[in-house]
Amino acid sequence: MKKLLFTILLTVLTITASAIVTVPIKGSIISPADPHIQYAGRISFTNPERPAWNFPGIQIMAAFEGTSLRMMAKPQSGYFMARIDEAEPFKVAFRGERDSLVTLATALPEGRHLVRLMYIIEGYELFPEFWGFVLDQGCQLVEAPSFPSRKIEFIGNSITCGYGNEGLNKFDHFDYATENHYYSYASITARNLGAQHWVVARSGIGAYRNYGEPKTGSPESCMPVQYEYTGYAWEPGLRQGDTFLREKWDFGRYQPDVICINLGTNDLSTNNYDLSLLKQGYQKLLTMVRQHNPQAKIVLLTGSMLYNQELQEAIQLLDEVAAEAQAAGDKEVYRFDMAHIDGEEFFGNDYHPNIYQDEKMANELTAYLRQLMNWF
């Protein structure tokens with residue numbers, strides 16, 4: 001069969017009532033299942049032509065031939081950061097009802113190039129999917145470098161997600177446009193250390209009680225429940241096609257060298273918490289994390305949105321959890337406290353850390369992990 005030389009018609013299924021849209025695309029279409037594409041993060045490949053996820057920090061990397069690159073994704077998938085070769089990274093948006101194709105690069109020098117993508121928001125409402133690339137006609141993907149061999153996992157809440165870190169006013173509320181995991185303390189720390197990082201995080205989640213929920217806890221949706229799954233199932237009932245949210249995660253796909261857990265801020269919110277239940281929740285999560293990651297070092301973090309009594313309670317509780325785990329035989333559980341926000345210039349939206357505070361936390365955590373892991 002002759003190679004297609006002209007226009008290729010790609011049928012794109014949208015999630016809106018308008019249903020089927022036929023979009024003419026010129027060039028070589030690269031399937032998401034192409035073996036040259038590398039993925040990092042909790043992604044479901046139940047449908048290999050439509051990789052799906054909803055945690056932030058998902059990464060896609062590929063090397064390609066030619067002078068241009070376009071990316072395909074499900075309309076309204078949200079925001080990505082893209083980097084071509086060693087140029088500055090830039091934000092890419094799939095926000096419109098029919099936005100399924102975005103140009104990442106044009107007029108590149110002839111030759112081979114590298115694209116690195118990161119999903120930078122929480123997709124639990126958007127159900128994002130990656131649909132592939134479009135290259136110059138006749139061009140193809142080539143072998144790309146591997147992700148770094150050093151591996152970190154971050155388990156956390158909105159602070160780890162990057163909630164509001166591009167915001168300019170602490171009184172402004174959540175907006176996808178101001179959440180950017182690429183500039184979160186987690187992502188910066190990984191880049192500082194030359195490591196890849198995978199993320200299990202969602203705004204509002206706790207170790208036993210999610211934000212503003214009853215004192216007795218959130219037994220169906222707190223982190224010890226969600227950690228087992230590929231995605232975050234925030235709705236009691238799942239939409240057709242979103243069954244990956246109840247797909248049990250295969251922990252054999254990623255065994256991190258070190259795991260950083262940053263939870264407790266939501267558990268201690270709204271002055272309606274039970275410290276004994278929080279401790280039980282943390283211990284349950286720690287046991288689960290250790291079971292699935294037997295060789296990893298585990299670091300329990302605080303920072304950066306707790307103050308006064310709640311901060312001291314969190315520090316004491318996590319010190320106890322770590323000490324008791326070590327006394328029980330797990331010698332690879334550690335503690336580290338990042339600095340809390342101490343100036344107006346470091347607030348993003350809803351009193352969250354902005355990118356300057358994220359940089360401060362990343363520098364602190366980088367120094368600690370460098371020593372702990374001997375990553376020099």
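Reply: Let us begin with helix α5, in which Leu311, Glu313, Ala314, Ile315, Leu317, Leu318, Val321, Ala322 and Ala325 are buried. Buried means under 20% relative accessible area, exposed means over 50%, and partly exposed lies in between, with a 1.4 Å probe and protein chains only. This is a predicted model, in which local features need pLDDT of at least 70 and side-chain atom pairs count only at pLDDT 80 or more, while totals for chains, interfaces and linings use all residues. Residues are numbered from 1 along each chain as its sequence is written, and side-chain values use heavy atoms, with hydrogens and water left out.

Me: What do the buried residues of α5 pack against?

Reply: They pack against α4, β16 (297-302) and β17, where contact means heavy atoms within 4.5 Å. Helices (H or I, at least four residues) and strands (E, at least two) are DSSP runs, numbered from the N terminus.

Me: Why is the pair Glu324 and Lys279 called a salt bridge?

Reply: A salt bridge is a side-chain nitrogen of Lys or Arg within 4 Å of a carboxyl oxygen of Asp or Glu. The closest N and O atoms of Glu324 and Lys279 are 2.8 Å apart, and the pair forms a salt bridge. Glu324 lies in helix α5 (residues 308-327) and Lys279 in helix α4 (residues 275-292), so the pair ties together parts 45 residues apart in sequence.

Me: Why is Lys279 called buried, and what makes Glu324 partly exposed?

Reply: Lys279 has a relative accessible area of 18% and therefore counts as buried. Glu324, at 38% relative accessibility, is partly exposed.

Me: What makes Asp330 and Arg290 a salt bridge?

Reply: Their side chains meet at 2.7 Å, N to O. Asp330 is in the loop between α5 and β17 (333-337) and Arg290 is in helix α4, 40 residues apart. Both Asp330 and Arg290 are buried.

Me: How do you know that Arg335 and Asp319 form a salt bridge?

Reply: The closest N and O atoms of Arg335 and Asp319 are 2.9 Å apart. Arg335 lies in strand β17 and Asp319 in helix α5, so the pair ties together parts 16 residues apart in sequence. Arg335 is buried at 16%, whereas Asp319 is partly exposed at 38%.

Me: How many salt bridges are counted by this rule?

Reply: The count comes to 11. Arg83, Glu86 and Arg116 are linked in a network of salt bridges.

Me: What makes a space a pocket, and which residues lie nearest the centre of the largest pocket?

Reply: On a 1 Å grid over the protein atoms alone, a pocket is an open set of points where a 1.4 Å probe fits, with protein on both sides within 12 Å along at least five of seven lines; lining residues have an atom within 4 Å of a point. The largest pocket is lined by 26 residues, with Gly204, Tyr211, Asn266, Ser269 and His352 nearest its centre.
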